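Colleague: I have some questions about how the terms are used here. Could you show me the model and take them one by one?

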Amino acid sequence: MRIDVITLFPELFTAITDAGVTGRAHAQALWSLHAVNPRDFSQDIHRTVDDRPYGGGPGMVMMAEPLGKAVESIKDARGDAPVVLLSPIGKQFNQTLAEETSRSAGVVFVCGRYEGIDQRFIDKYVDEQWSLGDFVLSGGEIAAMAMIDATVRLLPGVLNHSDSALQDSFQTSISGLLDSPHFTRPDVFDNIKVPDVLLSGNHARIARWRREQSLLLTEKNRPDLIRAARARGDLSREDEVFLGTLV
Ligand code: 4GY
């Protein structure tokens, strides 16, 4: 998979190219990152990429021309990958979008800085806007890295064991419930014992316990996901009895 990113801070992306699961996958050439700095397409000696907002107001606005030239510079290499602007006004990114992106050839992420981006750049070059969530960042880079991380770990060959990705929180293809708690050695920490069932070797009991922990946690933290699972027919009679919905 090829990922392009337009950013004033290309060095930030070493966080995902050089470390962890995404770093290993990058070293194995399972994905590549191509950063383009709009400052390299500025027209003046000061390499200016921002200017004051028309109509007044605080802060600065990213100029359309350096961003437009940056996108033009990757026209041939990107093929038909969509140009995606990271913005809190965009569609909320989720696991389904990560799955779809991981099945695509690639994406071009545009990371804004300052107060905003000249709307004429957005109208001419941006295909979609995606949001990490309902909060305002100082720039799109951290949102882009989060989305790249969520996408790359789903690429074939990135995670070693085949069902690990499928069991994570939000991997709705299994159940759409939150992940159950995890424990490892030692069996006592700070006088707190690992739940006995996990040491029982009874795989059916362990699976049922994990399912019930998922149901409890999801009911507490994300009751909307319980309702959605029920609407999809993903809750068994046993699940409903456990939740107290039935007798
Ligand atoms: N939230 N999700 C987000 C953001 C800030 C463009 C400069 C977000 O994705 N990006 O808060 N981005 C950017 C937006 C102008 C600041």
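Modeller: Start with Asp118. Asp118 is buried, at a relative accessible area of 18%. One caution: this is a predicted model.

Colleague: Why is Asp118 called buried?

Modeller: Buried means under 20% relative accessible area. Asp118 has 18%, so Asp118 counts as buried.

Colleague: Where does Asp118 lie, and what does Asp118 touch?

Modeller: Asp118 sits in the loop between strand E7 (116-117) and helix H6 (119-125). Leaving out residues up to four places away in sequence, Asp118 touches Val61, Met62, Met63 and Ala64. Contact here means heavy atoms within 4.5 Å.

Colleague: Which strand pairs with E7?

Modeller: Strand E4 (residues 61-62) pairs with E7 in the parallel sense, over two bridges. Val61 stands opposite Gly116 in E7.

Colleague: What makes E4 and E7 a pair?

Modeller: Two strands pair if DSSP finds at least two bridges between them. E4 and E7 have two bridges, so they count as a pair.

Colleague: What is the strand order in the sheet with E4 and E7?

Modeller: The order is E3-E4-E7, in an open sheet of three strands with mixed pairing. Strand E3 (50-51) and E7 each have a single partner strand, so one side of each has no neighbour in the sheet. That is why E3 and E7 stand at the edges.

Colleague: Which residue in the loop between E3 and E4 can we test against the cut-offs?

Modeller: Pro58 lies in that loop.

Colleague: Is Pro58 buried or exposed?

Modeller: Exposed means over 50% relative accessible area. Pro58 has 68%, so Pro58 counts as exposed. Pro58 touches Pro53 and Glu115, not counting residues up to four places away in sequence.

Colleague: How many residues separate Pro58 and Asn94 in sequence, and what is the distance in space?

Modeller: They are 36 residues apart in sequence. In space the distance is 32 Å, C-alpha to C-alpha.

Colleague: What does the side chain of Asn94 do at the start of helix H5?

Modeller: A side-chain oxygen of Asn94 reaches to within 3.2 Å of the backbone nitrogen of Thr96. The cut-off for a polar contact is 3.5 Å, so the pair passes on distance.

Colleague: What makes H5 mostly covered?

Modeller: Helix H5 (residues 95-102) has eight residues, and six of them are buried. Those six are Gln95, Leu97, Ala98, Glu99, Thr101 and Ser102. Their cover includes E5, E6, E8 and helix H7 (141-152).

Colleague: How far is Met147 from Leu97, C-alpha to C-alpha?

Modeller: The separation is 9.1 Å. Along the chain, Met147 and Leu97 are 50 residues apart.

Colleague: Which elements give two or more residues to the shell around the ligand?

Modeller: Strand E5 (83-92) and strand E8 (128-131) do. E5 gives the most, with three residues. By class, the shell has nine nonpolar, five polar and one charged residues.

Colleague: Last one. How do you know that strand E1 is mostly covered?

Modeller: Strand E1 (residues 2-6) has four of its five residues buried. E1 pairs in the parallel sense with strand E2 (residues 32-36), over five bridges. Arg2 has Ser32 in E2 as bridge partner. E1 also pairs in the parallel sense with strand E6 (residues 106-110), again over five bridges. There, Asp4 has Val108 as bridge partner.

How values were computed: Residues are numbered from 1 along each chain as its sequence is written. This is a predicted model: local features need pLDDT of at least 70, side-chain atom pairs count only at pLDDT 80 or more; totals for chains, interfaces and linings use all residues. Side-chain values use heavy atoms; hydrogens and water are left out. Ala, Val, Leu, Ile, Met, Phe, Trp, Tyr, Cys and Pro count as nonpolar, Asp, Glu, Lys and Arg as charged, and the others, Gly among them, as polar. Buried means under 20% relative accessible area, exposed over 50%, partly exposed in between (1.4 Å probe, protein chains only). A polar contact is a pair of N or O atoms within 3.5 Å; within protein, one must be able to donate a hydrogen and the other to accept it, and residues adjacent in sequence count only if both atoms are side-chain atoms.
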